[in-house]
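Take a look at the structure below. Keep it open while you read, and find each residue as it comes up.

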Amino acid sequence: MRFVVMLALIAAACASTSQTLGYQKAVTARDKAASVLPKGDEPYERHSGAMLALLDDVDAGYSQAQTYSTNQASEQWLQVMNELQRFAADWRQLDALSEAYLRERVAIILADFDAIVTTEAARKE
């Protein structure tokens with residue numbers, strides 16, 4: 001009986017850690033995006049390391065979300081990953097993005113991140 005109770009406590013602690021980790025990844029990635037994306041009007045090479053790190057963070061968030069029992073968060077992470085990959089490809093190709101492009105794309109991507117943070121926060125509670 002003690003063993004079963006102990007396993008239940010361990011499972012609850014792991015679930016809680018997973019929920020908190022998903023939320024932390026979402027907030028961290030959103031903050032990085034808010035920092036690096038508006039710099040798209042500068043040469044890509046100057047910020048390529050930060051952009052690649054952001055893409056890695058989003059990939060980690062997506063991988064984390066794939067372990068959840070529902071797929072809403074993983075779909076949101078995949079959507080933002082696709083948006084960021086498109087943004088990075090455009091930035092690399094053009095070397096600097098127009099103000100209009102930045103205003104539109106950054107707003108969309110940050111709104112996508114806000115949706116992920118909201119979903120992860122709801123899982124956390």
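## A predicted model

The model shown here is predicted.

## The nonpolar core

Start inside. The largest nonpolar core has 29 residues. Those with the most contacts inside it are L37, M51, L54, W77 and F113. The largest share, eight residues, comes from helix 3.

Beyond its neighbours up to four places away in sequence, M51 touches V36, L37, Y44, L84, F87, A88 and W91.

## Helix 2

Helix 2 has 22 residues.

Which residues of helix 2 are buried? They are Y44, H47, S48, M51, L54, L55, V58, G61, Y62, Q64 and A65.

## Helix 3

Helix 3 has 23 residues. From its first C-alpha to its last, helix 3 reaches 33 Å, close to the 33 Å expected at 1.5 Å a residue. Just after this helix, D95 takes a positive phi of about 70°.

The buried residues in helix 3 include W77, L84, F87, A88 and W91. A73 and Q76 are also buried, and both are in contact with T119.

## R30 in helix 1

R30 is found in helix 1.

R30 touches L110, F113, D114 and V117, not counting residues up to four places away in sequence. With D114 there is a polar contact: the two side chains are joined at 3.4 Å. R30 and D112 are 82 residues apart in sequence, but 9.0 Å apart in space, C-alpha to C-alpha.

## T119 in helix 4

T119 lies in helix 4. T119 counts as buried because its relative accessibility is 11%, and buried means under 20%. Leaving aside neighbours within four places in sequence, T119 is in contact with Q72, A73 and Q76.

Terms used
Residues are numbered from 1 along each chain as its sequence is written. This is a predicted model: local features need pLDDT of at least 70, side-chain atom pairs count only at pLDDT 80 or more; totals for chains, interfaces and linings use all residues. Side-chain values use heavy atoms; hydrogens and water are left out. A nonpolar core is a set of buried Ala, Val, Leu, Ile, Met, Phe, Trp, Tyr and Cys residues joined through side-chain atoms within 4.5 Å. Buried means under 20% relative accessible area, exposed over 50%, partly exposed in between (1.4 Å probe, protein chains only). Helices (H or I, at least four residues) and strands (E, at least two) are DSSP runs, numbered from the N terminus. Contact means heavy atoms within 4.5 Å. The expected span of a helix is 1.5 Å times one less than its number of residues. A polar contact is a pair of N or O atoms within 3.5 Å; within protein, one must be able to donate a hydrogen and the other to accept it, and residues adjacent in sequence count only if both atoms are side-chain atoms.
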